[in-house]
Amino acid sequence: MDKESYITHGGAATLTPSFFPILVVLGSISCTLAVLTHLLFLATCILAFPMYLLNFLGLWNWICKKCFPCSLMRFTAMYNKQMASKKRELFSNLQELVGPSGKLSLLEVGCGTGATFEFYPPGCRVTCIHPNPNFEGFLIKSFAENRHLQFERFVVAAGENVHRVADGAMDVVVLTLVLCSVENQERILQEGCRVPRAP
């Protein structure tokens, strides 16, 4: 710092006028950021208000359950294009897990709209589990597009509680893009270990 800008008088420091423009600019930037922060918070509150109102009226969950399958259908189409080669690799050995019946029995937990169906081997018998009943129509459409599969049934249940599927009833259990959205990961993994038959 130069002598003209910073002068000490008996141990006390004094700022000379050359610092004032810098302080004014910093103060102006600080005020502008404070105003922008408040405006952003206000805009967020205004945009979120309809969601809070719908939730207060008890309609938000119903709307989400109705709209979520449509949104997920669009997302999975894009996701499959990007992940197709990886999914083919991940599911390439499913045919080796066929049980004594000669057909692969597969349980997909958190099946969504059936994004993984195209990667399952021909003749695979698929049982789907999802807590949202609004996915059923999308699943039927997905099975119509994947005629190499055999649709067994759609069970409306949370993945943590698949008691309607007996112990050892399946050859394979598939969980994709589901562990991030369940309430109890440990419980869903226990169910995933209970349902497949012993090797």
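Mentor: The count comes to 1 cavity of 30 Å³ or more, a cavity being a set of points on a 1 Å grid over the protein atoms alone where a 1.4 Å probe fits but cannot get out. The model is predicted, so local features need pLDDT of at least 70 and side-chain atom pairs pLDDT 80 or more, whereas totals for chains, interfaces and linings use all residues. Residues are numbered from 1 along each chain as its sequence is written, and side-chain values use heavy atoms, without hydrogens or water.

The largest cavity holds about 30 Å³ of space, the volume being that filled by probe spheres set on the points, which are joined across faces, edges and corners. Its lining consists of I129, V155, A157, N161, V162, H163, R164 and V165, where a lining residue has an atom within 4 Å of a point. These residues divide into 5 nonpolar, 2 polar and 1 charged; Ala, Val, Leu, Ile, Met, Phe, Trp, Tyr, Cys and Pro count as nonpolar, Asp, Glu, Lys and Arg as charged, and the others, Gly among them, as polar.

In helix 4 (residues 185-194), I188, E191 and G192 are buried, that is, under 20% relative accessible area with a 1.4 Å probe and protein chains only, exposed being over 50%. They lie on the same side of helix 4 because they cover an arc of only 100 degrees around the axis, taken from the directions from the helix axis to the C-beta atoms. The face turned away from this buried side carries the exposed residues E186 and C193.

Terms used: 1 Å grid on protein atoms, 1.4 Å probe; cavity = no way out; pocket = protein on both sides within 12 Å on 5 of 7 lines; lining within 4 Å. Helix = DSSP H or I, 4+ residues; strand = E, 2+ residues; numbered from the N terminus.
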